[in-house]
Amino acid sequence: MIRTMLRIRARRGFDPMVQAQWRAVVDQIAASSGNLTRSLLGDANDPRTLVVVTEWADDAALREYVAGPVAARFADALADMTEPPTPDSYRVMRETTGQRAAADPAVRQRQTYVDVEITVPADRVTEFQEGHAEVVRRMADVPGYLAEELLREPGSTIHHIFARWRSEAEFRRWIDDPDHERAEAGPIAPFLVGIRPRLFEALPPAAPEETTSGAAAGTSGAAAGAAGQRGRQGAATDTTEVLIVGAGPTGLTAAIELARRGVDCQVVDKLTTPPGQADKAIGVHCRTMEIWADQGVVREAMNAGIWLTGQMVFVNGHEVNRMSWELPELPYGHLGLPQYETERILTDRLATLGVRPRRGAELVGFTSDDDGVTATLALAAGGSQTIRATYLLGADGAHSKVRDLLGLTFSGGLGRFPQLFMLGDVDVDWDMPDGHLLRFIHEIDGQLDNMLVCVPLRGESRYRIATMAPARYFAAIRGENAPPGFSAELDEPTLADVQAVLDQLAPPGTRAANLRWSSIFRICHGIVDRYGDGRVFVAGDAAHLHPPAGGQGMNTGIQDAWNLAWKLALAVRGMAAPGLLDSYQTERRPQGEEVVGRAVRLAFTDELDRADLKRQFLQEMSMLLSYAGSPIVGESVSTPDGLRAGPAPGDRAPDVAGLLRRGVGHPQRLHELTRGTRHTLLLYADHTADEAEVATVEKLCADVREQTYGQIEVYLVASADAAVPPMLHPPVVRDAEGAFRAGYGVTGTAAYLIRPDGHVGFRSQPIDAEALRGHLRLVFGGAR
C-alpha cells in the first residue's frame, strides 16, 4: 500500500474555496482504480494549511491516477488558490509491517513516519492541543525523534499526530519503553488510550512526480494521495500481521483485541452487507458482558437489548420449573440482544480503533510456511487479491472455508438431528411474565413429540420462536439429510404454521401476529479435531457447532477470540514463549467439547439437572469457566490449604469491591485495576508482613516489568492495618473492607497474576518471586 501526503497552504482568504474544490473532486478520486482511501486534513495550528492524503493499492494505481484527468483538473483548480509548494510539500510513503521489518533489518533504518489517530472530545480540544505542545517540547531530546505536526479533520473531533523519526527501530525502542508515557507523553496520556500507530517508510521521489512538473506535479500527486485514516473502510493491503476471515462476533472480537494492542489486522467477509434480522444468537451471557465491559461496549449493549430475567418450563401443559436469573452475585444479568445488533456494536467499536471489515471479499485459498500465510480473496466487485499475513484466523462460521482448506475434521463426525426445525420472529399475545425464556415440551409415553422455545426480543410482545417444522417439510426432502443451516430451497413457514404449534403447546387462547420472517433449518453439532495448524487458527462456529439450547454458540466463539487474541498479539511482537499459541487449543478445545456435549444433552429435555439449577445456570453463563490444568497456569503454595478459599490457577478472577487508592475519592473495584490489554500482578500484604518484606515488592515490580517487556501492571493490595513503606512502584491500594482477602483467600503475603483474559495465570502464598519468574517464562519466554 502506498500513501501520499501533499501539504498545501491556501492564499489568504482562499481556504474555504480549497475545501470546496476538495469536496467537488473526492468522489472522483474514490472511483479511481486502486484508490483505498482519501481525506483532507487541516493543520491544527494554521487554518490556511491543509494536507491532502490518499492511499493506493500499489505504485501502478498511483501512477495511473496522477497521469489521468481527475488529478489534472484538481491541480488546475488549486493553482491560483494556493501558495507555491516547497521541496517537502509532497511525500510518498509505504506502510511498514512488523513482518517486513523483521525480515529486512535495513527497513528499520530508513526514515520512518508515524501516524496516530486520536478522537478528542469537543470540550477538551484546547486541553489536548496545549498538552501536545508540551509533549513536542519534551520529545526534543528523545534519540531518533525528528519532528511532528498536529493535523485535524475539518469539522470533526479526529486529530492526527504525524511524526517523523530517523528510523523505525528508534521509534519502537521509545514506544516499547513503559516510562515513555510518563516522561514524554504524559500531558496527553488520557487521550492515547487504545491508539494504534501506523508506520510508514519514506520512499525516494515517486515516478508519479516525474510525470508532471512544478506545482501541478505536487498537487496532482497529493490529489491522488488524498486519503485519510478515517475513510479507510478496512481496505485490504498486500500485507498485514493478522488476517481475520469472518466479520461475525468472533472475528470482530479478535480484531478489537488485536487492534487495542497495536497489531495490524484486517477483517474480510464474503457477505457484501451485514445480516439484518434476528435469525441467529440472541442471548448474551454474563461472562460475555464482562468481556464487553473490558472492551468498552457494555453500555451500548445494555441500551440496545433487554434483560432475560428467568425461565419457565412446561411439559404437556403443566409448569415443571420456574427459575429467576436475577442472581445478586452476578456482575451482569442475561441480556437478550439480536446478533445483528451485537455485530453493529462491535463493528462500531472496531472502527474507533481504525479498522473496518472489508465486505464482499471471500477467501478462496491460502498457503502457509514458516514465516506466514499467503491468502487469496475473490472480490465481489470482480477480480482477486492476494494478502500476505503473519497469522490467519478463520472465524467464518458453520460453513468455514478456512476449516475446509486446513483439512480439519469433526471428531466422531458431524452430528445432525433427524428433525427439521423452524424459526420465526413474531408477536405473541398471552399472559406470561415479561423477560422470561419459555420452553414448552410435549411428550407421549415419555418420548418427546414436539417442543417450542420462545425467547423475548426488544419490543412489545415480540419473541423469537423455535419449534419443530411441520411434517410437510420433512416429506419434501423425503426423509433424507437436508443441508445444515438455513434451507433456502424450502418455502418459508407461515403465520398459520406458528399458530398451529401455539395451539398445541402454548396456554389456551394464545395468539400469534405480525410474522416478520421465518425459516427452516437443521441442527448440526460437532467439534473439530484441532483448533489450528501452524500459523492458521479457527474459532467460533468454524471450530464447534451446537444446538441452540442455552445460546452457547456465539458466546463460546467470543471467548475463543478473547483467549487467542492476547496470545497472538504477543507472538506478532516477538514477545511470546514458544508454546504460548499452543495453549489456545489446550485451553479452548476442552471447553468447546463440554459446551457441545451439554447443549446436545439439553436440546430435548425439560431440564438437565433440577437438583442444582443455579449451578447449571452459572455454568451456561460461563461464570464457572476454568483453564485448570493448562500448561501455562501454575501456583506455589507453602501449605496444602494455602489459597484454598481463592480462585485456583486457570479460574476466572472474581471482582471485589471496596478498594481504596490515594487520590481517588471513591472505592474502586478490582476489575478496574485488571481491565485492559496487559497482565496484572496483585501482590498482597497484611499486618503480619514486616516492612522489610513488603519493601522487596518494589524490586520485584521492576524485575517482572523488564521480563515481560512492560506488558504487566503491578499493584500492592494491602490490608487496612498493613505497614507499607514509602515506594514509587508499585501503586498501593487498600483492601479497606477485607473483600479482597475474603474473595481471594489470602493471608500474610501472597501474589495473584491475572491474565489479560481475566483468568488466574499464577498464584503463590507467600510471594514466591522465583516461581513467578519461572511462570512468566512460560508466557513471555526468556528474560529480556
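Predicted model: local features only at pLDDT ≥ 70, side-chain atom pairs only at ≥ 80, totals over all residues.
Biologist: What makes glutamate 149 count as buried or exposed?

Modeller: Glutamate 149 has a relative accessible area of 15%, and buried means under 20%, so glutamate 149 is called buried. Its place is in strand 6, residues 145-152. Leaving aside residues up to four places away in sequence, glutamate 149 touches Arg7, Arg91, His160, Ile161 and Phe162.

Biologist: How do you know that strand 17 and strand 18 pair?

Modeller: Two strands pair if there are at least two bridges between them. Strand 17 (residues 361-368) and strand 18 (residues 373-379) have seven bridges, in the antiparallel sense, so they pass that test. Leucine 363, for one, stands opposite leucine 377 in strand 18, and a hairpin of four residues joins the two strands.

Biologist: And what makes strand 18 and strand 19 a pair?

Modeller: Again the bridges decide: six of them join strand 18 to strand 19 (residues 384-394), and the two run antiparallel. With at least two required, they therefore pair. Threonine 376 has threonine 386 in strand 19 as its bridge partner. The hairpin here has four residues between the strands, and in it glycine 382 takes a positive phi near 110°.

Biologist: Why do you say the buried residues of helix 2 line one face?

Modeller: In helix 2 (residues 59-66), Ala61, Leu62, Tyr65 and Val66 are buried. Seen down the helix axis, they fall within an arc of 125°, so they line one face. As a rule, residues three or four places apart in an α-helix point the same way, because there are 3.6 residues a turn.

Methods:
Residues numbered from 1 in each chain as written. Heavy atoms only, no water. Buried < 20%, exposed > 50% of the residue type's maximum accessible area, 1.4 Å probe, protein only. Contact = heavy atoms within 4.5 Å. Arc of directions from axis to C-beta.
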